[in-house]
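Here is a friendly briefing to read alongside the model.

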Amino acid sequence: MEILSGVVADLPTPANLIRLGVLQVVAQQYEEAERTLARAKKAITGTPSADEQRQLEMLAGGIAAGQAEQLHAAGKEAESKKKVDEALAALSRAESLAPSDLYAPLRRVQLLRGISMVQNDPASLDAAVSVADRAIARNAMYWPGCQSGFRPSTRQRNRLTVAQRGSSRSRRARKRAAAG
C-alpha cells in the first residue's frame with residue numbers, strides 16, 4: 001500500500017485513487033478510504049463514465065460495509081444498520097450501472113450473508129440466496145457461452161425461471177411470514 005500511495009502522490013488519477021481506496025478498505029482504514037474516495041471523485045473531470053461511477057459506488061459500498069462491521073462490534077446497532085443500508089444502496093447503484101457485471105451482486109450476497117450470520121436473521125439469508133440464484137441464472141445465459149453454440153440444459157433453464165420468480169426458499173419464508 002505504501003508503494004501505491006507514492007504512485008498516487010505522483011500521479012493522482014481516478015483509477016489509482018480507486019485502487020488505493022480498495023486497499024485501504026482491505027486494511028480496514030475506512031476513514032482514509034473515505035478521504036481517498038472524495039479525492040477520486042474530485043479527480044474525475046467532467047461527468048464520470050459508467051465504469052468510473054460503478055467503481056466509485058463499489059468502493060463506497062465497501063467502505064460502508066466495513067464501517068457497519070466496526071459499528072456492530074462496538075455495539076452501535078442502529079448506526080450499523082444505517083451503514084448496511086448505505087452499502088446495499090451503493091451496490092444497487094453499481095449493479096444498475098453495469099447489469100452484466102456480476103461483482104456487485106456477489107458482493108451483495110456476501111453482505112447479506114454476513115448480516116444473517118451476525119444478526120441471526122433468516123430473512124437476510126433468504127435474500128442472499130435469492131440474489132445468488134439470480135446471479136447464477138444470469139451466468140448460465142452468459143453471452144460468449146451462447147455465442148459458441150452453448151444451449152442451457154433444462155435444469156439451467158428451470159434455474160433461470162426460479163431466479164426470475166425468486167427462490168423457493170424465499171417464497172416459503174414469505175408464506176410463513178404472512179401466515180404467522
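How do the residues of the lining of the largest pocket divide into nonpolar, polar and charged? They split into eight nonpolar, three polar and three charged, where Ala, Val, Leu, Ile, Met, Phe, Trp, Tyr, Cys and Pro count as nonpolar, Asp, Glu, Lys and Arg as charged, and the others, Gly among them, as polar.

This is a predicted model, in which local features need pLDDT of at least 70 and side-chain atom pairs count only at pLDDT 80 or more, while totals for chains, interfaces and linings use all residues. Residues are numbered from 1 along each chain as its sequence is written, and side-chain values use heavy atoms, with hydrogens and water left out.

**Overall make-up**

- The protein has 10 helices and zero strands; helices (H or I, at least four residues) and strands (E, at least two) are DSSP runs numbered from the N terminus.
- Of its 180 residues, 34% count as buried, where buried means under 20% relative accessible area, exposed over 50%, and partly exposed in between (1.4 Å probe, protein chains only).
- Among contacts with a separation of 6 or more, 50% come from residues 24 or more positions apart; a contact means heavy atoms within 4.5 Å.

**The largest pocket**

- Rolling a probe the size of a water molecule over the atoms shows where empty space is left.
- A pocket is found on a 1 Å grid over the protein atoms alone, as an open set of points where a 1.4 Å probe fits, with protein on both sides within 12 Å along at least five of seven lines; lining residues have an atom within 4 Å of a point.
- The largest pocket holds about 310 Å³ of space, a volume being the space filled by probe spheres set on the points, with grid points joined across faces, edges and corners.
- Its lining has 14 residues, and Val22, Gln55, Met58, Leu59 and Tyr103 lie nearest the centre.
- At least two lining residues come from each of helix 2 (14–26), helix 4 (50–73) and helix 6 (103–119), with helix 2 giving the most, at six residues.

**The second largest pocket**

- The second largest pocket has a volume of about 200 Å³.
- It is lined by 13 residues, of which Glu69, Leu111, Gly114, Ile115 and Val118 are the closest to its centre.
- Helix 4, helix 5 (77–97) and helix 6 each give two or more residues to this lining, and helix 6 has the largest share, with seven residues.
- The lining of the second largest pocket comprises six nonpolar, five polar and two charged residues.

**Nonpolar cores**

- The largest nonpolar core has 16 residues, and those touching the most other members are Met58, Val84, Ala87, Leu88, Leu111, Leu112 and Ile115; such a core is a set of buried Ala, Val, Leu, Ile, Met, Phe, Trp, Tyr and Cys residues joined through side-chain atoms within 4.5 Å.
- Helix 4, helix 5, helix 6 and helix 7 (122–140) each supply at least two residues of this core.
- Another core, of 11 residues, lies apart from it and includes Ala40, Ile44, Leu59 and Ile63.

**Residues to look at**

- Leucine 112, in helix 6, counts as buried because its relative accessibility is 9%. Beyond its neighbours within four places in sequence, leucine 112 is in contact with Leu88, Ser124, Ala127, Ala128 and Val131.
- Leucine 88 touches Arg108, Leu111 and Leu112, when residues up to four places away in sequence are not counted.
- Leucine 37 belongs to helix 3 and is buried, at 9% relative accessibility. Outside the four places on either side in sequence, leucine 37 is in contact with Leu56, Leu59, Ala60 and Ile63.
- Glutamine 24 sits in helix 2 and counts as buried because its relative accessibility is 8%. The side chains of glutamine 24 and threonine 36 are joined by a polar contact of 2.7 Å (a pair of N or O atoms within 3.5 Å; within protein, one must be able to donate a hydrogen and the other to accept it, and residues adjacent in sequence count only if both atoms are side-chain atoms).
- Glutamine 28, in the loop between helix 2 and helix 3 (30–43), has a positive phi of about 60 degrees although it is not a glycine.
- Isoleucine 136 lies in helix 7 and is partly exposed, with a relative accessible area of 40%.
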